[in-house]
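Subject: Structure for you to look at

Hello,

Here is the structure I promised to pass on. Please open it alongside this note, and then read on for what turned up.

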Amino acid sequence: MVDFALLHRSALAGARSGSFGASSMTARITLGALPEGHVLQVLAAHGSGLQNLILQIGDGAPHAVRPYGPGQWFVVGDAPLSAAHIAGKATLLAGKASIADQSHGRVRIGISGASVEAVLAKGTAVDLDRANFAIGHSAMTLIGHISALMTRTDVDCFELMVLRGFAESLWDELVQMGLEFGVDAKTAG
């Protein structure tokens, strides 16, 4: 029996979504805390050829499966998953790969707009040119001093996934990097 109930609190509860720019009509950058649904980590032997099987673990949403290293993927989605649902997904991978629920420990932040590449280039060494970092591409990188998985989800849209304890710091970094574009820190952060 549990002695006390754990209460889920959003890692970015104090951070409101906001737009960088003089007004919403001229906003060049939008920053938003994404739903804390599910983040599953899948680990397999390098070269195991499981890409198609891993896609079945995802919820079918575009870019739900994100490779981040040899034999390593994150499977993300907006809806929380029950332990039974995760166990069902693990059954698909039995003997081929391991799955670990990272939902409690990782947070996703969306950043988009016409100047998003310029903002992110201030904090990362990843070449964000669309020819080199296409839609659906992911890369583990440092943004400033914070490790994050960066995924391009559309032409001018990125999603950053970070360890929960660094979410507020990354949010503040993004606000600082966007000041050139007229961010109002009181509105966005």
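Contact here means heavy atoms within 4.5 Å. Keep in mind that this is a predicted model.

Start with Phe158. Leaving aside neighbours within four places in sequence, Phe158 is in contact with Ile109, Gly110, Ile111, Val116, Glu117, Leu120, Leu128, Phe133, Met150, Thr151, Arg152 and Thr153.

Now the cores. The largest nonpolar core has 28 residues. Phe158 is one of those that touch the most other members, along with Ile111, Leu120, Met150, Leu160, Leu170 and Leu174. At least two residues of this core come from each of β2 (29-33), β7 (106-112), α3 (116-121), β8 (138-143), β9 (146-154), β10 (157-163) and α4 (167-177). The largest share is that of α4, with six residues.

Next, α4. Its buried residues are Ala167, Leu170, Trp171, Leu174, Val175 and Met177. They sit on the same side of α4, because they cover an arc of only 165° around the axis. Exposed Glu168 and Gln176 are on the face turned away from that buried side.

Last, His38, in strand β3 (residues 38-44). Is His38 buried or exposed? His38 counts as buried, because its relative accessibility is 4%. A polar atom of the His38 side chain lies 2.6 Å from the backbone oxygen of Ala79. Beyond four places in sequence, the contacts of His38 include Asp59, Val75, Leu81 and Ser103.

Best wishes

Notes
Residues are numbered from 1 along each chain as its sequence is written. This is a predicted model: local features need pLDDT of at least 70, side-chain atom pairs count only at pLDDT 80 or more; totals for chains, interfaces and linings use all residues. Side-chain values use heavy atoms; hydrogens and water are left out. Helices (H or I, at least four residues) and strands (E, at least two) are DSSP runs, numbered from the N terminus. Buried means under 20% relative accessible area, exposed over 50%, partly exposed in between (1.4 Å probe, protein chains only). A polar contact is a pair of N or O atoms within 3.5 Å; within protein, one must be able to donate a hydrogen and the other to accept it, and residues adjacent in sequence count only if both atoms are side-chain atoms. A nonpolar core is a set of buried Ala, Val, Leu, Ile, Met, Phe, Trp, Tyr and Cys residues joined through side-chain atoms within 4.5 Å. The arc is that of the directions from the helix axis to the C-beta atoms.
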